[in-house]
Each structure stands twice: as structure tokens, then as C-alpha cells.
Amino acid sequence: MQSPSSLRSFCAAAKEMTVRDALNSAIDEEMSADSKVYLMGEEVGEYQGAYKISKGLLQKFGPDRVLDTPITEAGFTGIGVGSAFYGLKPIVEFMTFNFAMQAIDHIINSAAKTNYMSAGQISVPIVFRGPNGAAAGVAAQHSQCFAAWYGSCPGLKVLSPYSAEDARGLLKAAIRDPDPVVFLENEILYGEAFPVSAEVLDPSFVLPIGKAKIEREGTDVTVTAFSKMVGYALKAAEILEKEGINVEVINLRSIRPLDRATINQSVRKTNRLVTVEEGWPQHGIGAEICTSVVEESFDYLDAPVERITGADVPMPYAANLERMAVPQIEDIVRAVKRACSRSARGK
Amino acid sequence: MVLGRSFEDMCAQMYYRGKMFGFVHLYNGQEAVSTGFVKCLKPEDYVCSTYRDHVHALSKGVPARAVMSELFGKATGICRGQGGSMHMFSKEHGLLGGFAFIGEGIPVATGAAFKTKYEREVLKNDKADAVTVAFFGDGTCNNGQFFECLNMAALWKLPIIFVVENNLWAIGMSHYRATSVPEIWKKGPAFGMPGIHVDGMDVLKVREVALEAVARARRGDGPTLVECETYRFRGHSLADPDELRKPAEKAHYAARDPIIALKKYLLESGLVDETDLRSIDKKIDEIVEDAVEFADASPLPPRSQLLENVFADPKGFGIGPDGKYRCEDPAFTAGTAQV
């Protein structure tokens with residue numbers, strides 16, 4: 001059964017909204033609705049946000065609710081977690097998720113595991129958000145994709161939006177959710193504008209956590225992607241359409257829980273699967289999706305699963321090398337053609 | 001203090017009999033610090049501990065039965081057997097844990113103090129004055145998170161007391177071999193808060209310092225760093241052969257046993273007599289025996305418990321209690337939807 005929300009975004013959209021504004025409005029509305037929600041991180045206040053996501057929030061809510069922290073990821077993340085133990089709802093912004101590695105002890109050990117360790121006594125309604133993955137020319141220590149690492153951890157919910165609608169709906173859901181949520185944004189997408197419907201702009205709009213979206217319906221092959229790669233997959237699909245290959249693009253939206261039902265349902269329809277991600281190949285998101293499909297829909301596969309990932313190297317700096325280290329639209333086109341040309345039954 | 005000592009001695013016995021397993025870190029010798037501080041607190045105040053948390057839990061009011069059952073891994077434990085010795089949590093008693101990594105509890109405790117301040121200033125609740133006490137050891141005082149939190153607690157004037165239980169040893173690493181400036185109390189003023197050194201083997205001295213620090217925090221004057229000189233009579237954990245500490249050092253501190261010292265003081269000042277002390281000992285023995293019997297008789301967690309409590313809301317927000325997506329509620333754009 002198709003999710004009606006996938007049809008909604010194609011209705012007469014009067015407005016366009018950038019992902020940046022979508023995130024800003026989501027945080028703004030949730031902070032207005034619930035005084036227990038607060039934002040903390042480096043440069044979120046007076047600087048208006050390292051990437052201007054929190055623009056205007058300090059002026060609106062004051063320094064008690066929009067906290068500029070010292071450069072102490074471990075310390076302030078732990079403080080956020082501790083305040084969430086007894087009912088506050090912090091949004092912890094990491095300038096990039098690479099910096100969150102200094103705080104990963106608290107994300108995993110104090111936030112993710114606490115509800116389980118305390119047998120349900122103490123839940124941690126916290127959101128960890130920030131840009132994830134490669135940007136442009138920021139080199140190895142600023143370009144890692146953390147979806148796979150966080151996605152393997154029980155006790156965390158991991159989300160990754162693509163469009164403005166995703167950004168608004170998923171962030172609002174994450175803030176209201178009583179469990180720790182890792183919210184992986186993308187710096188390149190911040191400035192990109194998407195059409196948004198009236199429902200998306202409503203202050204009560206939320207998207208379900210754990211549900212993927214079929215961005216483009218198709219019949220010949222399923223392509224899964226999240227975040228920036230969804231855009232690339234859609235462009236690749238347009239190119240392939242001209243060559244007679246009809247691609248179904250799934251925007252994962254939720255890395256954990258992964259929407260295995262939607263993915264498998266799609267593969268049972270198209271019989272071919274290509275997974276796309278920017279992160280490293282070993283133990284990546286594509287590996288998990290491939291296994292899920294092999295476990296549940298093996299008999300429906302007409303060809304082996306194709307996995308497109310970032311190169312198995314730390315991100316190089318030189319622009320031409322960087323381009324080779326992350327998937328490009330041509331790579332997706334090539335992989336889809338490969339998946340479609342191999343056949344068990346001569347299709 | 002007597003409860004703490006008897007309880008921990010019983011833990012050792014139970015461990016060697018195989019009833020308890022994994023990592024168990026006993027508190028013998030340090031009872032004055034826990035009692036001295038925690039007994040100054042109100043029920044709404046918070047305590048955050050480390051893996052050496054049994055006695056902090058008992059001092060804060062967690063029943064001995066619940067702690068013993070947790071150690072045996074039974075379903076009647078304070079965390080239903082899911083936490084164990086190192087992860088005692090009690091929402092009801094304000095016990096924030098129970099952390100295995102040293103230094104991990106300090107930011108969490110600072111967060112609980114932050115919550116008090118937030119409640120007063122943003123949520124405008126004048127009655128919010130809960131104070132947080134963070135217990136940790138000498139080894140932790142070289143860890144980055146400790147300094148990060150001293151900075152932020154002083155910067156934001158948080159109602160927290162940082163209590164260092166300096167027992168001179170971090171497993172087998174002597175404090176003096178690991179620390180450039182061994183006087184930990186000196187690090188408080190470097191961050192803008194008072195740094196106090198107290199004899200952690202004397203419960204009355206600890207209490208005097210504690211009362212002042214708690215009052216200071218509750219008034220809103222900010223954090224305090226208290227270094228308690230104390231000693232653990234047993235090894236780091238029950239698996240530690242404890243070969244590196246010199247017998248002379250152990251004898252020196254054994255002579256300063258906080259329980260013996262307090263008993264002596266009480267008798268000499270005529271506040272109690274021998275029979276009173278014996279009846280306390282007897283009562284405590286009964287409590288501890290009862291805790292063991294209760295834990296023994298309690299059931300193991302059911303198999304279904306394995307997958308429980310990973311999330312507070314497993315379906316994730318966005319899916320309503322009736323299983324439908326909340327955004328499909330027709331009342332959504334009317335702004336009347338139940339979210």
C-alpha cells in the first residue's frame with residue numbers, strides 16, 4: 001500500500017522552502033510549543049548558527065534557551081543527556097557530526113543505552129543534529145558519513161532528511177520523540193529549495209519515524225538512497241528514463257529503524273536493487289539493505305544487488321580526487337544499467 | 001555507614017559463591033563520604049555515581065533488597081536485572097547512575113544541575129532547587145570531561161557539588177604517578193569555584209563540609225569542588241589481586257576506619273552505649289540477610305524482557321497510538337490534531 005504522504009508533495013505547491021529554512025522553522029515552532037525544548041551547541045546563538053540553521057532563535061527565545069557552548073563536545077553533550085534524564089528536551093547541535101566523535105561516548109553510552117539499562121525508568125528525549133557526510137573540499141576529518149555507525153546501535157533512532165518536507169517533518173517528530181534521535185543533515189542541501197504544500201507548513205506537521213518515501217515510482221529497478229544521494233538518484237532516473245529504464249527511487253528518510261517493508265515490497269515489484277550511499281562500503285547502509293532483501297525477497301531478485309558507495313579511502317582534498325571518492329550521477333546510471341543487463345531469465 | 005559496610009562484605013561473599021558475577025567494585029572504607037554527603041540531601045536532589053555505586057544507591061534510599069537483587073541479576077532488581085553492579089539507576093530516588101566509564105557521569109550530573117537552573121529561569125518554577133552531587137575518583141580528575149564540566153558549571157553557576165573520592169589508587173596506578181599536580185582541590189579555584197580538602201575517613205568532618213556546599217548550591221551561588229581523602233580497604237574490584245599497595249599504607253588507613261572512629265566518638269561522648277551499637281549492628285545484619293534471601297528467592301528476568309525498553313516509544317513519533325500516521329489525521333491542518 002502506497003503511503004499517501006508520497007502523493008501529497010506533488011499537489012499544487014504554492015511555496016518553495018530551503019532545507020535551511022525548513023529546519024529553522026521546525027526548531028522555532030517546537031521551541032514555541034514546548035518550553036522544555038532548548039538548543040545548545042557551538043555558535044548557535046550570537047553567530048546565528050555555523051550554517052545559519054538557528055538564525056533568529058537567540059533573539060526570539062533568549063540566551064537561556066539558545067545556548068552558545070564552549071568547545072567541549074563531550075562535556076556539553078553529556079550535560080544535554082543529563083538534563084534530558086529528568087524531562088528537558090535538548091537539541092544538541094554538532095557543527096559537523098565529525099566533531100560528535102568527541103561526544104560519541106555520551107550519544108551511545110549515556111543516551112542510547114539508558115532506557116534499557118534502567119529498565120524503562122529513565123528515557124532520554126534528546127536530538128543530536130548537524131551536517132553529516134562530505135561537503136566540498138573539506139578533506140578527510142570533516143567528511144565522514146556516520147549513518148552506518150549510528151544506525152547499528154540499538155536505542156538510537158537515526159534519521160536523514162532529503163527535502164524541505166523531510167527536514168521539517170522529521171525534525172519535528174525527532175524533537176517530540178521520547179528517545180534519543182541522531183538527525184543527519186547535509187551541508188550541501190541546506191541551500192537547496194523544494195516545493196512545500198500547505199500541510200507541510202502547518203505547525204502540527206510531522207512525518208512518521210521509520211517510514212521511507214517512494215520519491216519516484218518505477219517498474220524496472222529499485223534504487224535506495226538517503227540525503228543528498230536521493231537528488232542524484234532522481235537525476236539518474238531521468239537520464240535512464242530516456243533510455244527506456246523505469247527507475248523506482250526510495251528515499252529512506254529513516255536509517256534506524258530501517259523501513260524494510262517498503263524496500264522489500266518495492267524489490268518484489270521491480271526484481272532489481274541498487275543501493276546508493278556516500279559513506280564507506282564495508283558494513284555500510286547498502287550492506288544492511290542487501291541482506292534484508294536477500295533474507296526476505298531472495299526469490300524475487302533477478303540480478304545480484306548492486307551497491308554504490310563512497311570510495312574505501314579517507315576523503316582526499318584535491319577536487320578531482322574528491323569527485324572520484326563519492327558517487328556521482330554517472331555512477332548511479334552505470335550501476336543501474338549493469339543491474340538491468342544481468343539476468344537470470346533473460347528479461 | 002554500617003549498612004554500606006555489611007552490604008559490601010556480603011557482596012564479596014556472594015560473589016565468591018557465584019551468586020554475583022561480572023565486575024563488582026566494593027566501597028569498603030569510603031562509607032564516610034557517601035553518608036556524609038548524601039544524608040545532607042533532600043529526596044528531590046540528585047546523586048550521580050560511577051561503577052562503585054552500591055553504597056551511593058543505599059545512602060540515597062534505594063532499598064537493600066532492590067540493590068542485592070540487581071546484583072544477582074534478578075527481575076526484582078532496581079533495574080530489573082538489566083543494569084547490574086555498575087549501572088544502578090533509580091528515577092524515584094534521584095539516582096542518575098551507575099556509569100562504567102570514568103568521567104562519564106560528571107557531564108550527566110552537570111546536566112541534572114542544569115535542569116534545575118532551567119526550571120527556575122525558563123520554566124519559572126521558584127520551588128526548583130534540587131542540588132546534584134557527582135561522585136568520582138582521583139583517576140577521573142585527569143580526564144578531559146572533568147575539566148570541561150568544572151568550566152561550564154562555574155560559567156553557568158550550576159547547583160552541583162563535585163565530590164572527589166581520592167582513594168589514591170586507580171586500579172594499580174598510584175595517583176602520584178598519574179598526576180602532575182596531585183592536590184585536586186587546587187583545580188577548583190582555577191575554574192572559579194571553591195576547592196576544599198577534607199578528611200574523608202571522618203564522617204562528621206565530611207558532613208560539615210557537605211552542609212556548606214549543599215547550602216551554597218541551593219542558594220544559587222554555584223558549584224563547589226570537594227576532595228575527600230579516603231581509602232578503599234579492598235581491591236579495585238573483586239577481580240583485583242591488589243598486589244601493588246603497600247601493607248603499611250593499608251594498615252595506616254585501616255586504623256582510621258570511619259565506622260570504628262564514629263563508634264568510638266559516640267561512646268566516648270556518651271551519646272550511645274554498647275547495647276545501642278550492638279542493636280544497630282544486629283538490625284543491619286537482619287536487613288542484609290533479608291536482602292540476600294529476597295534476591296535468592298526472586299525470579300530471573302523472563303525471556304520477553306530481553307527486547308523490552310530499548311525505546312520509550314518503539315514505533316517512533318509520527319505514528320499514533322492507533323497505528324496510523326499522525327499526519328493523516330484530517331484535523332491536521334485545522335490545527336486541532338492530537339499530537
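Is B:Cys40 buried or exposed? At 12% relative accessibility, B:Cys40 counts as buried, where buried means under 20% relative accessible area, exposed over 50% and partly exposed in between, with a 1.4 Å probe and protein chains only.

Before I go on, please keep in mind that this is a predicted model, in which local features need pLDDT of at least 70 and side-chain atom pairs count only at pLDDT 80 or more, while totals for chains, interfaces and linings use all residues. Residues are numbered from 1 along each chain as its sequence is written, chains are lettered from A and ligands numbered from 1 in the order in which they are written, and side-chain values use heavy atoms, with hydrogens and water left out.

Let me stay with the cysteines. Over all chains the structure holds zero disulfides, a disulfide being a pair of cysteine sulfur atoms within 2.5 Å. For B:Cys40, which is in no disulfide, the nearest cysteine sulfur is that of B:Cys228, 11 Å away. B:Cys48 is likewise in no disulfide, and its nearest cysteine sulfur, that of B:Cys149, is 10 Å away; B:Cys48 is buried too, with a relative accessible area of 1%.

Now to helix H1 of chain B, residues 2-16; helices (H or I, at least four residues) and strands (E, at least two) are DSSP runs, numbered from the N terminus. At 1.5 Å a residue, its 15 residues should span 21 Å, and the end C-alpha atoms are 22 Å apart, which agrees; that expected span is 1.5 Å times one less than the number of residues. Because 11 of the 15 residues of H1(B) are buried, this helix is largely enclosed by the rest of the structure. Among those buried residues are B:Val2, B:Phe7, B:Met10 and B:Tyr15, and the buried residues of H1(B) pack against helices H2, H3, H4, H11 and H12 of chain B, contact meaning heavy atoms within 4.5 Å. After H1(B) comes B:Gly18, whose phi is positive, near 85°.

Finally, the records. UniProt, in an unreviewed entry, lists the domain "Transketolase-like pyrimidine-binding" at residues 17-192 of chain A, a span that is 36% helix and 16% strand, with its end C-alpha atoms 8 Å apart. For chain B, another feature from an unreviewed UniProt entry, "Dehydrogenase E1 component", is placed at residues 1-301; this span is 45% helix and 10% strand, and its end C-alpha atoms lie 31 Å apart. UniProt positions are given in the numbering used here, feature names are shortened, and annotations may be inferred rather than shown by experiment.
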